[in-house]
Amino acid sequence: MAVNRFEIALTARQGQLVEHALRAHLNELRELADASHARGDDTLALELESSANVVRNTLAQVKDRSEEHTSELQSHSFISYAVFCLKK
C-alpha cells in the first residue's frame, strides 16, 4: 500500500479537527453544568457532567487512535519507499 505524505498530513489534520470539535463540546458542557449548579438544578448539572465525562473519554480515544493511525501510515509510507528503492 503506497501512502504519500499528503495522506499522512490529511489524516493528522482530520484528527486535529475532531479533537478541536470535541474540546469545544466539552467546554460547552462544563459551562452548562456550572450554570445549572448556580441555578440550583443539580440533576441537570449531574447529567451534563456525565455527558462531559463521555466526551472526555471519547476525546482521549480519538487522540490515541489519531496518533496511532498517523504513525501507522508513516510506517507504511517508509516501507513502500524502501521497497521502491530496492526494486531500482
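The following questions and answers concern a predicted model of one protein chain.

User: How many helices and how many strands does the secondary structure of the chain come to?
Analyst: One of the helices is α1, which covers residues 5-39. For the chain, the secondary structure comes to two helices and zero strands.

User: Is S36 buried or exposed?
Analyst: S36 has its place in helix α1. A residue is called buried when its relative accessible area is under 20%. The relative accessibility of S36 is 2%, so this residue counts as buried.

User: Which residues does S36 touch, not counting those up to four places away in sequence?
Analyst: A contact requires heavy atoms within 4.5 Å. With residues up to four places away in sequence not counted, S36 touches D41, L44, A45 and L48.

User: Is L26 buried or exposed?
Analyst: L26 lies in helix α1. With the limit for buried residues set at under 20%, the 5% relative accessibility of L26 means that L26 counts as buried.

User: How far apart in space are L26 and S51, C-alpha to C-alpha?
Analyst: Leaving aside neighbours within four places in sequence, L26 is in contact with A52, V55 and R56. In sequence, L26 and S51 are 25 residues apart. From C-alpha to C-alpha, the distance between L26 and S51 is 8.5 Å.

User: What share of the contacts with a separation of 6 or more comes from residues 24 or more positions apart?
Analyst: The chain has 88 residues, of which 22% count as buried. Among contacts in the chain with a separation of 6 or more, the share from residues 24 or more positions apart is 73%.

Definitions and conventions. Residues numbered from 1 in each chain as written. Predicted model: local features only at pLDDT ≥ 70, side-chain atom pairs only at ≥ 80, totals over all residues. Heavy atoms only, no water. Helix = DSSP H or I, 4+ residues; strand = E, 2+ residues; numbered from the N terminus. Buried < 20%, exposed > 50% of the residue type's maximum accessible area, 1.4 Å probe, protein only.
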